[in-house]
Amino acid sequence: MRIGLVGAGRIGACHADSLSHLDSVDEVLLADPDPVRLEAVAAGTGAHPVRMAELLERADGVVVATPTGTHPELIRRVAGAGLPIFCEKPVAADVAETRAVLSHVAAAGVALHVGFQRRFDAGFVAVREAVRAGRLGPLHTVRACTSDPRPPSPDYLAHSGGIFRDCAVHDFDAVRWITGQEVVEVSAVGGNTGEPHFAEYGDVDTAIAVLTLSDGCLASCTTTRYNGAGYDVRLEACGRDGTLVAGLDERAPLPSAEPGGPVPAAPYQGFADRFAAAYCAELAAFVELVRGERESPCTGTEALAALLVAEAAERSRREHRPVAVKEAA
């Protein structure tokens with residue numbers, strides 16, 4: 001089994017490491033336009049550096065882990081080679097291009113798995129199972145948060161698409177996946193308390209979105225780029241019969257103000273260590289997809305649904321009003 005990996009940046013290096021630890025993968029073929037970065041990641045993970053043409057010729061499936069703006073062209077190219085595709089979210093930067101890419105993939109008849117790693121995190125999986133089994137009773141509230149300990153660079157922000165499309169979209173996908181409900185309306189606000197370049201790019205560094213789900217359940221999704229306590233990703237599902245929380249462990253950056261309360265040990269400082277096991281699990285699932293042993297665990301259609309919620313959230317923030325998700329379609 002040979003898996004091609006396009007991209008040797010931050011997430012590409014993470015995926016190269018994950019793939020190198022999978023017994024089901026015999027060889028990782030790595031391509032990147034930066035030769036220095038390519039050789040460094042290859043040396044650190046055992047991946048085989050190749051040109052893109054060789055990767056497409058030899059690989060059984062391809063992982064796309066490059067900047068967002070390159071995703072549509074690469075997905076089309078891999079689909080044209082008839083290979084299954086794993087692509088980090090998003091498929092494309094906007095709804096129209098996403099639909100166009102998905103149409104191309106469908107016409108090519110290849111499988112597409114979009115990377116929403118929370119679907120493979122043990123805690124998120126356990127909450128989903130509890131909700132779907134009815135153990136919490138009917139849900140009335142879902143609370144999700146994604147809090148980065150430090151902001152990304154200005155160069156990254158310039159092409160990120162904004163905090164809802166880039167960051168909170170993971171929570172939007174998780175809310176849909178766990179509850180089995182669609183988001184019908186979004187009310188969102190945002191603020192800037194940090195560096196001025198967020199506002200210069202029309203973005204915010206902190207935001208809150210309130211989602212109304214199709215069964216009437218309410219979900220709040222909070223996001224910030226300045227969480228000094230550490231990297232915090234959690235989801236609480238609250239029902240009439242009980243509550244269950246994903247992401248609440250000894251490393252969750254939640255120091256207690258109560259006398260003798262818990263103090264986190266070595267709080268998470270980034271996505272790589274918080275979701276290390278989830279990244280391995282989602283790539284193992286992709287290998288199973290390549291082998292024909294399972295269908296895509298997160299299709300392009302699922303990714304589009306999360307993007308539509310993000311589009312509605314951004315419109316709500318800018319226009320200072322609730323926005324129905326169907327308006328974003």
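Q: How do H5 and H12 run relative to each other, and at what angle do their axes cross?
A: Start with the two axes and the angle between their N-to-C directions. In this predicted model, the axes of H5 and H12 come within 11 Å and cross at roughly 175 degrees. Angles over 145 degrees count as roughly antiparallel. That makes H5 roughly antiparallel to H12.

Q: Which residues of H5 and H12 meet?
A: Look for contacts between the two helices. From H5 come Val-95, Thr-98, Arg-99 and Leu-102. They meet Gly-300, Thr-301, Leu-304, Leu-307, Leu-308 and Glu-311 in H12.

Q: Which unit do E5, H5 and E6 make?
A: Follow the chain from strand to helix to strand. E5, helix H5 (residues 95–108) and E6 make a β-α-β unit, and it is right-handed.

Q: In which sense do E5 and E6 pair, and over how many bridges?
A: Check the strand directions, then count bridges. Strand E5 (residues 85–88) pairs with E6 in the parallel sense, over four bridges.

Q: Which residues of E6 point one way, and are they buried or exposed?
A: Sort the side chains of the strand by direction. In strand E6 (residues 112–115), Leu-112 and Val-114 point one way. His-113 and Gly-115 point the other way. All of these residues are buried.

Q: Where do Glu-311 and Arg-165 lie, and what do their side chains form?
A: Look for opposite charges with N and O atoms close enough to count. The side chains of Glu-311 and Arg-165 meet in a salt bridge, at 2.7 Å from N to O. Glu-311 lies in helix H12 (residues 300–319) and Arg-165 in helix H8 (residues 163–179), so the pair ties together parts that are 146 residues apart in sequence.

Q: Why does Glu-311 count as buried, and why does Arg-165 count as partly exposed?
A: Compare each value with the cut-off: buried means under 20% relative accessible area. Glu-311 has 15% relative accessibility, so it counts as buried. Arg-165 has 22%, so it counts as partly exposed.

Q: What does Glu-302 form with Arg-176?
A: Glu-302 forms a salt bridge with Arg-176, and their closest N and O atoms are 3.5 Å apart. Glu-302 lies in helix H12 and Arg-176 in helix H8, so this pair ties together parts that are 126 residues apart in sequence. Relative accessibility is 26% for Glu-302, so it counts as partly exposed. For Arg-176 it is 9%, so that residue counts as buried.

Q: Which residues do salt bridges with shared partners join into one network?
A: Trace from partner to partner. Arg-119, Asp-173, Arg-176, Glu-182 and Glu-302 are joined into one network.

Q: How many salt bridges does the structure hold?
A: The structure holds 24 salt bridges. One of them links the side chains of Arg-234 and Asp-232, at 2.8 Å from N to O. Both of these residues are buried.

Q: What is the strand order in the open sheet of seven strands?
A: Read across the sheet, strand by strand. The order is E12-E11-E7-E10-E9-E8-E13, with mixed pairing. Strand E12 (243–246) and strand E13 (323–324) are the edge strands, and each pairs on one side only. Within the sheet, E7 and strand E10 (residues 218–224) pair in the parallel sense over seven bridges. Cys-145 stands opposite Thr-222 in E10.

Q: Which strands do H6 and H8 lie across?
A: H6 lies across E7, strand E11 (232–239) and E12, running at about 155 degrees to E12. H8 lies across E7, strand E8 (183–191), strand E9 (206–213), E10 and E11. It runs at about 30 degrees to E9.

Q: Where does Pro-138 lie, and which residues does it touch?
A: Pro-138 lies between helix H6 (122–132) and strand E7 (139–147). Its relative accessibility is 43%, so it counts as partly exposed. Leaving aside residues up to four places away in sequence, Pro-138 touches Gly-239 and Arg-240. Pro-138 and Asp-241 are 103 residues apart in sequence, but 7.7 Å apart in space, C-alpha to C-alpha.

Q: Where is Val-50, and how far is it from Gly-239 in space?
A: Val-50 sits in the loop between strand E3 (48–49) and helix H3 (52–58). At 7% relative accessibility, Val-50 counts as buried. Val-50 and Gly-239 are 51 Å apart in space, C-alpha to C-alpha, and 189 residues apart in sequence.

How values were computed. Residues numbered from 1 in each chain as written. Predicted model: local features only at pLDDT ≥ 70, side-chain atom pairs only at ≥ 80, totals over all residues. Heavy atoms only, no water. Buried < 20%, exposed > 50% of the residue type's maximum accessible area, 1.4 Å probe, protein only. Contact = heavy atoms within 4.5 Å. Salt bridge = Lys/Arg side-chain N within 4 Å of Asp/Glu carboxyl O. Pairing = 2+ DSSP bridges. Right-handed = clockwise from strand over helix to strand, strands pointing away. Axes fitted to C-alpha atoms, helices over the stretch in contact; angles between N-to-C directions. Parallel < 35°, antiparallel > 145°, perpendicular 65-115°, else oblique.
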